[in-house]
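Q: Can we go through this one together? I'd like to start with the sheet and then move on to the pockets.

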Amino acid sequence: NLKALAKVLGAKELRLADPKDVAAATGIERGCLTAMSVLTDVEGKIASVLDQSMMSSTSDLRMCSGCNDAKDHSQHHIASISPHKLMTFLTNCNHIPTLLDMTGDDYKVVVKGNPPATA
């Protein structure tokens, strides 16, 4: 529910980012954009938001950590990372995530993270 998510995050709306905006913020022109992509967002234009329920998972999270074509699954570089290590990574990249309770229809902010930098 993007409308509910936008409301709890204090955003006017949520939508997919324009490829030019993604490239300007991350330097990534093609491929996958994942939680680990904030590594290259040195200006803090991206806000990290996570579902808090994943933090209690004992399983590693698996995500693409770099590729040139999101549709060509043969060349994805898959990383496995624990939820705790993902939080450490995001914090070390100065992207302290907002954690949301996304159970039910009413989303709630559990931990408020860094807002994106404004121009």
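**Sheet and pockets**

A: This is a predicted model. It has an open sheet of 3 strands in the order E1-E4-E5, with mixed pairing.

Q: Which strands are at the edges?
A: Strand E1 (49–51) and strand E5 (108–111) are the edge strands, and each pairs on one side only.

Q: How far are neighbouring strands turned against each other?
A: On average by 40°, with direction ignored.

Q: In what sense do E1 and E4 pair, parallel or antiparallel?
A: E1 pairs with strand E4 (residues 98–101) in the parallel sense, over 3 bridges. Within that pair, Val49 stands opposite Thr98 in E4.

Q: And E4 with E5, parallel or antiparallel?
A: E4 and E5 run antiparallel and are joined by 3 bridges. Here Asp101 stands opposite Lys108 in E5.

Q: What holds paired strands together in general?
A: Strands of a sheet pair through backbone hydrogen bonds, in either the parallel or the antiparallel sense.

Q: Which strands does H1 lie across?
A: Helix H1 (residues 2–9) lies across E1, E4 and E5. H1 runs at about 130° to E4.

Q: How does the lining of the largest pocket divide by residue type, and what are the counts?
A: There are 24 nonpolar, 10 polar and 8 charged residues.

Q: What about the second largest pocket, how much space lies in it?
A: About 150 Å³.

Q: Which residues line the second largest pocket?
A: The lining consists of Ile28, Arg30, Cys32, Thr34, Met36, Ser37, Leu39, Thr40, Cys64, Ser65, Gly66 and Cys67.

Q: And how do the residues of that lining divide?
A: The lining of the second largest pocket has 6 nonpolar, 5 polar and 1 charged.

Technical notes: Residues numbered from 1 in each chain as written. Predicted model: local features only at pLDDT ≥ 70, side-chain atom pairs only at ≥ 80, totals over all residues. Heavy atoms only, no water. Pairing = 2+ DSSP bridges. Helix = DSSP H or I, 4+ residues; strand = E, 2+ residues; numbered from the N terminus. Axes fitted to C-alpha atoms, helices over the stretch in contact; angles between N-to-C directions. Contact = heavy atoms within 4.5 Å. Nonpolar A, V, L, I, M, F, W, Y, C, P; charged D, E, K, R; others polar. 1 Å grid on protein atoms, 1.4 Å probe; cavity = no way out; pocket = protein on both sides within 12 Å on 5 of 7 lines; lining within 4 Å. Points joined across faces, edges and corners; volume = space filled by probe spheres on them.
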